[in-house]
Amino acid sequence: MRAVVLAALVGALLPGCRRQESRPQEGASPTSQVTSPAAASPPGAVLILSADTRGYLGPCGCSENMRGGIGRAAFQVQEARKGGQPVLYVDGGNSLFGESHLKPDQVPQEERKAKALADAFRTMGLAVRATGELDDTRGADFRRGLGLPEVAPGEVKLLDAGARKVGVVAAASGEALVKASQQAREKGADFVVGLLDQPLEAAQAVAALPGLAANLVVATHSAGEFSAETNRLVRSDVPVVAVQSKGRSLLRVDLTYAAARGPFVLQRSQGDVDREVTALEQRIALLDKEINLPGIDPKLKALKQGKRDELSARKQAFLTAPPALATDVNGFALRFLPLEPDLPSAPDTQALVKAYDADVGKLNLAWAKEHGQDCPPPAKGKPAFVGSAACADCHAEATTVWQGTKHHHAWETLEDVGKQHHLNCISCHVTGWQQPGGVCRLDKVAGREDVGCESCHGPGSLHVDAPSPDTIVGKPGQATCITCHNPENSPHFDFATYLPRVLGPGHGKPVKSGQAGEPPAK
């Protein structure tokens, strides 16, 4: 059986097995690692679903090989449409904003981003979307003003999918989902997708409710910012899925139609294909960890990156090849589509992202100049930030070590990509952002650029006035690091591995023998 499955996919896999000489650029045309072989597919349709995007146009880029990006998502939809079957793109909601409440300085950026996402959905041919808490952050009127096709909670949207009808229903509770799914059947839906504004665990309970007439339940709202870091599928009578949040993956549903209408049957497993994909993902994850090791040799890194791209291309070919569904029954198959970094971006959609990047820094800087306020002073007896220059006078060796680290170039990395005025980025690239006695205005960052001494050791005014181990944090622990090296920005962070990269003589290590304060070597 294994040989039969692999032979059927040879045409899709051969282009992806060639080692790439260079990585595709954003907005590049499709390359040989992506194929659309569905010319001989049996009658059916393809549904592509996103959910819980949380206001993300793309990854921050702080680490290598970060998934995601609305441009890559659009590319996947466009490629699916080359297969000759109807393709319906559906969004589950909680996509327009990342927080339910915004501070005043966040409003210009987040509204502009929501509009960019809405424009991107349109370029992708959005059929319908549900709404959730994170879509109404700026109010229902703002959301409706974006002009996107919506299905209200408790209601049904019937979509043409070739020879069948797909019913999309939205709900925030199990009772409402049961009722809406039954209404979808009454209106003639052959296949029903339930978009539930709940986390996966709650959706599992709903899927077991009597009377539920859905074929698939999608949990569209993760419990917290870092609670949907992976794609999850719960196979049951009514399968339940949760798509990796922040726009890092899509869900693809392949429908195959028999000659006569009837119930749809879930293909439980694709056997060898599933195993091959799992094995490839494990190898890719290992390579990602190695590529992100601090201090890795550039030549070795390039070799590992080339191998990673090769494996990712092979995985993409497996995931986008038509599944071998039986044609004598109405069947459906579920596959997650991770938006890997080697995927191209759809040029029209990526142009929207670039326009956003060009606009948002200007909007934020203008707001700061007109409305910005300095940080409040620290409470009486509490330290204030003094800047790294004040530390250098007494800690010359430590300063020299710091100047050789990436922390010292944190602000420069933002300037290189034009994101030094993006509120999503700046907090981890300056010292003392939004802290008492720190920096609270984009137009007053001078002197606080980079991840400075006080980012790790705490504000230093009391230590400057009275140098003592008691007036500074001498050895910051992991808890300090993971405020920025979190699962989103630094998914491969390991404290024990990374810490030595910021230490050196006079900064966590003794100064060399013979230097001031050290006895001569014997």
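This is a predicted model: local features need pLDDT of at least 70, side-chain atom pairs count only at pLDDT 80 or more; totals for chains, interfaces and linings use all residues.
Buried here means under 20% relative accessible area.

**Stop 1**

Select Arg54. Its place is the loop between strand E1 (44-50) and helix H3 (70-80). Because its relative accessibility is 9%, Arg54 counts as buried. Now look at the backbone: the phi of Arg54 is near 55 degrees, a positive value in a residue other than glycine. Most residues other than glycine have a negative phi.

Move along the loop between E1 and H3 to Asn65, which lies there as well. The phi of Asn65 is near 60 degrees, again positive in a residue that is not glycine. Asn65 is buried, with a relative accessible area of 8%.

**Stop 2: H3 against H10**

Next select helix H3 (70-80) together with helix H10 (347-371). The two pack at an angle of about 165 degrees, and their axes are 8 Å apart. An angle over 145 degrees counts as roughly antiparallel, and H3 and H10 are therefore roughly antiparallel to each other. Their crossing is right-handed.

Show side chains at the contact. On the H3 side are Ile70, Gly71, Ala74 and Gln78, which meet Asp348, Thr349, Gln350 and Val353 of H10. By class, this contact has 3 nonpolar, 4 polar and 1 charged residues.

**Stop 3: H8 against H9**

Select residues 272-291 for helix H8 and residues 298-320 for helix H9. How far apart are the axes of H8 and H9? They are 9 Å apart, and the helices pack at an angle of about 155 degrees. H8 and H9 are therefore roughly antiparallel to each other. H8 passes H9 in a left-handed crossing.

To see the contact, show the side chains on both helices. From H8, the residues include Val273, Val277, Leu280, Ile284, Leu287 and Ile291, along with charged residues including Glu276, Glu281, Arg283, Asp288 and Glu290. From H9, they include Lys301, Lys304, Lys307, Arg308, Leu311, Arg314, Lys315, Phe318 and Leu319. Gln305 and Ser312 of H9 also take part. Sorted by class, the contact of H8 with H9 has 9 nonpolar, 2 polar and 11 charged residues.

**Stop 4: the disulfides**

Now select the cysteines. How many disulfides does the structure hold? There are 2. With bonded cysteines counted along the chain, they follow the pattern 1-3, 2-4.

Start with Cys375 and Cys440, which are joined by a disulfide with an S to S distance of 1.8 Å. The link of Cys375 and Cys440 has 100 degrees about the S-S bond and is right-handed. Cys375 lies in the loop between H10 and helix H11 (389-392), and Cys440 in the loop between helix H14 (423-426) and helix H15 (453-457), so the pair ties together parts that are 65 residues apart in sequence. Cys375 is buried at 14% relative accessible area, and Cys440 is buried at 16%.

The other disulfide is formed by Cys428 and Cys484, with the sulfur atoms 2.1 Å apart. The link of Cys428 and Cys484 has -95 degrees about the S-S bond and is left-handed. This pair links distant parts of the chain, 56 residues apart: Cys428 is in the loop between H14 and H15, and Cys484 is in the loop between helix H17 (478-481) and helix H18 (495-498). Cys484 is partly exposed, with a relative accessible area of 24%.

**Stop 5**

A disulfide needs sulfur atoms within 2.5 Å. Select Cys425: the closest cysteine sulfur, in Cys62, is 6.5 Å from its own, too far for a bond. Cys425 is buried, with a relative accessible area of 12%. For Cys453, the closest cysteine sulfur is that of Cys391, at 4.0 Å, which is also too far for a bond.

**Stop 6: Pro459**

Finish at Pro459, in the loop between H15 and helix H16 (461-465). Which residues is Pro459 in contact with, leaving aside its neighbours within four places in sequence? They are Pro383, Ala384, Phe385, Glu454 and Ile472. Draw a distance from Pro459 to Val473, C-alpha to C-alpha: these residues are 14 apart in sequence and 9.0 Å apart in space.

How values were computed:
Residues are numbered from 1 along each chain as its sequence is written. Side-chain values use heavy atoms; hydrogens and water are left out. Axes are lines fitted to C-alpha atoms, for helices over the stretch in contact, and angles run from 0 to 180 degrees between N-to-C directions. Helices (H or I, at least four residues) and strands (E, at least two) are DSSP runs, numbered from the N terminus. Angles under 35 degrees count as roughly parallel, over 145 as roughly antiparallel, 65 to 115 as roughly perpendicular and the rest as oblique. A crossing is left-handed if the near helix is turned anticlockwise from the far one by less than a right angle, and right-handed if clockwise. Contact means heavy atoms within 4.5 Å. Buried means under 20% relative accessible area, exposed over 50%, partly exposed in between (1.4 Å probe, protein chains only).
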